[in-house]
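Open the structure in your viewer and keep the selection tool at hand.

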Amino acid sequence: HHLGDHERALELSQESLRISFELDIRVTTAYCLEELAAILAHSGVSRVAARLLGGSSAIRIETNSPLPDNYRAQLYDPTVATLRDVLGDDDFTAEFESGAAQPLDKLVALALGVETHRSEAT
């Protein structure tokens, strides 16, 4: 993703998510959702990206696993800023909260089914 190959990054991140979810490694699942959110935010799939961040936040709260400072500064905060710019604060918050409330299996299915070339209107 950071090298600009968003399609390959999406493919690898989805595979990592699938494996971490199947093995029930919650913190890794949160990282995968956050990376996918960053890829999707860059690709214009903003609403799904915000939902994935909400889901990752719920996992982090459940597992008492806060974001590392460096990771927050390099990936998470810029993704949130991008999504807030695109969606606006109210829509971002609504999508984030929707993702946080969604059952993890449904959120993972959403993340595994998305493609970056199929971007949303917002």
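Which residues is E34 in contact with, leaving aside its neighbours within four places in sequence? Select E34 and look around: the contacts are L53, S56, R60, L67, Y71, L75 and Y76. Keep in mind that this is a predicted model.

**Stop 1: E34.** Colour helix α2, residues 26-43, and you will find E34 in it. E34 has 1% relative accessibility, so it counts as buried, because buried means under 20%. Now show side chains. The side chain of E34 makes a polar contact with the side chain of Y71, at 2.8 Å.

**Stop 2: α3 and α4.** Next, select helix α3 (residues 46-63) and helix α4 (residues 69-87). Their axes lie 10 Å apart, and the helices pack at an angle of about 135 degrees. That angle makes α3 oblique to α4. The crossing of the pair is left-handed. To see the contact, pick S46, R47, A49, A50, L53, S56 and R60 on α3. On α4, pick Y71, Y76, T79, V80, L83, V86 and L87. Colour the contact of α3 with α4 by class: nine residues are nonpolar, three are polar and two are charged.

**Stop 3: L107.** Move on to helix α6, residues 104-113, and select L107 there. Is L107 buried or exposed? At 1% relative accessibility, L107 counts as buried. L107 and L52 are 55 residues apart in sequence, but 7.0 Å apart in space, C-alpha to C-alpha. Not counting residues up to four places away in sequence, L107 touches L33, R51, L52, G55, G99 and Q102.

Notes. Residues numbered from 1 in each chain as written. Predicted model: local features only at pLDDT ≥ 70, side-chain atom pairs only at ≥ 80, totals over all residues. Heavy atoms only, no water. Helix = DSSP H or I, 4+ residues; strand = E, 2+ residues; numbered from the N terminus. Buried < 20%, exposed > 50% of the residue type's maximum accessible area, 1.4 Å probe, protein only. Polar contact = N/O pair within 3.5 Å; in protein donor to acceptor, adjacent residues only side chain to side chain. Contact = heavy atoms within 4.5 Å. Axes fitted to C-alpha atoms, helices over the stretch in contact; angles between N-to-C directions. Parallel < 35°, antiparallel > 145°, perpendicular 65-115°, else oblique. Left-handed = near helix turned anticlockwise from the far one by under 90°. Nonpolar A, V, L, I, M, F, W, Y, C, P; charged D, E, K, R; others polar.
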